[in-house]
Amino acid sequence: MTLAIGQSVPDFSAAATGDTTVTLSALKGRQVVIYFYPKASTPGCTTEGGDFRDRKAEFDAANTVILGASRDGIRAQENFKAKQAFNFELISDKDEEICKLFDVIKLKKLYGKEHLGIERSTFLIDAEGKLAREWRGVKVKGHAQEVLEAAQALHTAN
């Protein structure tokens, strides 16, 4: 099942950093950016997380929560968050439930070998819980700024 723009995102709960559980329905009334990255503490994922971290105040001003998600365990996510001073929570999706909900598990090639992994993707959910925008096959450079501008435009429109 692939989510369509304008469709309500099914509620989900997941373990996250800070000894928290993230539940989408509990965030109703706020916009949510959820970005999926392949692996904690790798160069591209570190850069992407840092770009979101550095824009958090602007996302806050646009009534938007930032969440990062990968298949890493909670300890790896906690270490990644602490080392990079991320000011938002990271979701541990070891069972791939949220990855499957957003259809981000794709066949990838690494050194000529195929494996299933997370396609770097970002989703913007509006304050009513509907999918407003999606970015798939993301290139890190400039991405967080593009997502911020979309979040600001959505917030201003509502």
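## Contacts and burial in a predicted model

Arg-30 is found in the loop between strand E2 (20-23) and strand E3 (31-36), and the structure to which this residue belongs is a predicted model. With a relative accessible area of 32%, Arg-30 is partly exposed, because that class covers the values between 20% and 50%. When its neighbours within four places in sequence are left aside, Arg-30 is in contact with Asp-60, Asn-63, Thr-64, Val-65, Asp-126 and Ala-127. One of these residues, Asn-63, also makes a polar contact with Arg-30, side chain to side chain, at 3.2 Å. Arg-30 and His-155 are 125 residues apart along the chain, yet their C-alpha atoms are separated by 9.3 Å.

Thr-64, which is among the residues that Arg-30 touches, has its place in strand E4 (residues 64-70). Is Thr-64 buried or exposed? Thr-64 is buried, since its relative accessible area is 1% and the class requires a value under 20%. The side chain of Thr-64 reaches the backbone oxygen of Ala-62 at 2.9 Å. Not counting residues up to four places away in sequence, Thr-64 touches Arg-30, Gln-31, Val-32, Val-33, Phe-59, Leu-124 and Ala-151.

A polar atom of the side chain of Thr-46 lies 2.8 Å from the backbone oxygen of Thr-42. With neighbours within four places in sequence set aside, the contacts of Thr-46 are Ser-41, Phe-80, Gln-84 and Phe-86.

Helix H1 itself packs against another helix. In general, two packed helices are described by the angle between their axes and the distance between the axes. Here the axes of helix H1 (residues 43-54) and helix H5 (residues 143-157) come within 8 Å and cross at roughly 40°, and H1 passes H5 in a right-handed crossing. On the H1 side, Glu-48, Asp-51 and Phe-52 take part in the contact, and they meet His-143, Ala-144 and Val-147 in H5. By residue type, this contact of H1 with H5 divides into three nonpolar, one polar and two charged residues.

Phe-52 leads on to the aromatic residues, as Tyr-35, Tyr-37, Phe-52, Phe-59, Phe-80, Phe-86 and Phe-88 form one aromatic cluster. How are the rings of Phe-86 and Phe-88 arranged? Their centres are 5.3 Å apart and their planes lie at 15°, so the pair is stacked, the limit for stacking being under 30 degrees.

| Residue | Relative accessible area | Class |
|---|---|---|
| Thr-64 | 1% | buried |
| Phe-88 | 4% | buried |
| Phe-86 | 5% | buried |
| Asp-103 | 25% | partly exposed |
| Ala-85 | 52% | exposed |

Most residues other than glycine have a negative phi. Ala-85, however, has a phi near 55°, a positive value in a residue other than glycine, and its place is in the loop between helix H3 (74-84) and strand E5 (89-92). Asp-103 likewise has a positive phi, of about 55°, although it is not a glycine, and Asp-103 lies in the loop between helix H4 (97-101) and strand E6 (105-110).

Definitions and conventions. Residues numbered from 1 in each chain as written. Predicted model: local features only at pLDDT ≥ 70, side-chain atom pairs only at ≥ 80, totals over all residues. Heavy atoms only, no water. Axes fitted to C-alpha atoms, helices over the stretch in contact; angles between N-to-C directions. Helix = DSSP H or I, 4+ residues; strand = E, 2+ residues; numbered from the N terminus. Left-handed = near helix turned anticlockwise from the far one by under 90°. Contact = heavy atoms within 4.5 Å. Nonpolar A, V, L, I, M, F, W, Y, C, P; charged D, E, K, R; others polar. Polar contact = N/O pair within 3.5 Å; in protein donor to acceptor, adjacent residues only side chain to side chain. Phe/Tyr/Trp six-rings, centres within 6.5 Å; stacked < 30°, edge-to-face > 60°. Buried < 20%, exposed > 50% of the residue type's maximum accessible area, 1.4 Å probe, protein only.
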